[in-house]
Amino acid sequence: MDLSIFDVVGPVMIGPSSSHTAGAARLAFVARQIAGEFTRVSFGLHGSFARTYRGHGTDRALVAGILGLDTDDENIKQAFDLAREQGLDFHFDIKGDDASIHPNTVDIDMVDNTGATAQVRGESLGGGKMRISRINGVGVDISGMYSTLFVAHQDVPGVLAALTNLLAYAHVNIAFCRTYRTEVGGQAYSVFETDGAPDDTVVPMLRKLDNVDYATFIELPGSASSLSPGVSAKEIFDDGEQLLDACAELGLNIGAVMAVREARLTGEAHAIAAMRRVLDVMREETTAPIANPQRSLGGLIGGEAKLVDATYRNDLGASLMGPVQTDAVARAMAVLERSATMGVIVAAPTAGSAGVVPGCVLALADHLQLDDEQVMDALYCAAAIGLNLTTSACVAGAEGGCQAEVGSAAAMAAAALVQMMGGTPEQALDASSIALSNLLGLVCDPVGGLVEVPCQNRNAIGVAAAFSSAQLALAGIKSLVPFDQMAHVMLSVGHALPATLRETARGGIAQAPAALSACAKCGICG
């Protein structure tokens, strides 16, 4: 489990959806690097992508990725115009549902000016993470998380030896190597994950080798890739129980353990700079929409955060949620407003649930007058919970419903709140488990496929769940079901939800008459 925490509290991205916008952009970016030069591209959309691609900005994100834009590039909004200016012909082909593949799947067919073709199939896994699963009909597994060399070659004796010998000569250390092929003696693809990027001479040398058809270095924009894939250390844990063991062994809280872990994986300087950027973006995303409200792309939300913020010190706020939770809710709703205008946000762990963690952490931090180091420590704690849920359960609405998004975010925030209040690591995990249990079964039913309604209000509910769960745990109330077991419960419940209730906009609130009427007036998906 050597995933960087900035692939959990991150990526920094343009809204509105981490899986359908950031993940889609990353898929297309990697496809561009695999295929090389091309003049025409067709995107075959499956499952949730096919149902909600306009409302989520998936279409613009795919084109932006093909053009080489990063996930936080505000030019994603103008991707169609940029593509036309560059003479790129693109179109979208709706494939529909296929239960045998991931619900966020796209087939990217590229054609160059000679008529040569290349096809890449990719899957967006939630939180901006992605996987290339097929290249020209050959099953592969490329995550882009690490420095990756991709080589297309003929499956003949001696090729792998030549490849590895060249990399050894160039002082490129191989962490993992996998070869995929169509048949004995047929087309083959070798994928090398390495410790750091090779210098500029390596790829040209690879291309000159006998029986090598093509070679490229894959570098994923916006990824907080580990510099050392396969590292094994006591700070790298597989579940919540091992996390508690690491806390006890090192005598540190969860956040501090995560900081040590990240420094070991990606380097201390990189970790500090990345967390500083996360904190800066979080502060901006939680305040700017309150000061300057804007209507969302779909026109369904805009200005709600300012309305809630106005109750911060009056009788309404004092009598019901209280000033700190009121502040947290306003901030959380502000993030969804910023995301829905395709503004820059931090996925935490996804864009659809991005308001819960910063809303809770920043509101309580202001109340307690914590410094930046303490705030970042709390964000590291939240990331630890998200890391466990990302690897042992899921955080994508298309796979596990809104319980996997807002539920996971509430669990992350609850742990952070406990740590900020001086609670123990055990209490933090109890709070996370309680939060998950209280949002178990929450469906993902975005109106019109837009990350607006009911997403914004559910972030508010996620804040409430985090605050109540933290207070219960700090009061000494334990969760009967341990955190690790609760994560597996959440995953099984998510898989049991019908497809209509997993981000397809075909069930739940999305099918209410009022929602359908509002959707018809929006025009964004027409």
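Start by selecting T266, which is found in helix α8, residues 254-266. Before you look further, keep in mind that this is a predicted model. Is T266 buried or exposed? Its relative accessible area is 3%, and residues under 20% count as buried, so T266 is buried. Now show the side chains of T266 and H270: they make a polar contact with each other at 3.4 Å.

**Second stop: a loop residue**

Next, select S353. You will find S353 in the loop between β12 (344-346) and α13 (356-368). S353 is buried too, and here the relative accessible area is 0%. Which residue does the side chain of S353 meet in a polar contact? Display T350, whose side chain is the partner, at 2.7 Å. Then bring up the surroundings of S353: leaving aside neighbours within four places in sequence, S353 is in contact with A348, E405, V406, A409 and N459.

Which residues make the contact? On the α16 side, select Q403, A404 and S408; on the α19 side, select M490, V493 and G494. Sorted by class, this contact of α16 with α19 has three nonpolar residues, three polar ones and no charged ones.

Now switch to a cartoon view and find the open sheet of four strands. Follow the strands in the order β9-β10-β8-β11; their pairing is antiparallel. Which strands are at the edges? They are β9 (174-181) and β11 (212-218), each of which pairs on one side only. Looking at the sheet as a set, neighbouring strands are turned by 15° against each other on average, direction ignored.

Zoom in on β9 and its partner β10, residues 187-194: this antiparallel pair is joined over seven bridges.

Technical notes. Residues numbered from 1 in each chain as written. Predicted model: local features only at pLDDT ≥ 70, side-chain atom pairs only at ≥ 80, totals over all residues. Heavy atoms only, no water. Contact = heavy atoms within 4.5 Å. Helix = DSSP H or I, 4+ residues; strand = E, 2+ residues; numbered from the N terminus. Nonpolar A, V, L, I, M, F, W, Y, C, P; charged D, E, K, R; others polar. Pairing = 2+ DSSP bridges. Axes fitted to C-alpha atoms, helices over the stretch in contact; angles between N-to-C directions. Buried < 20%, exposed > 50% of the residue type's maximum accessible area, 1.4 Å probe, protein only. Polar contact = N/O pair within 3.5 Å; in protein donor to acceptor, adjacent residues only side chain to side chain.
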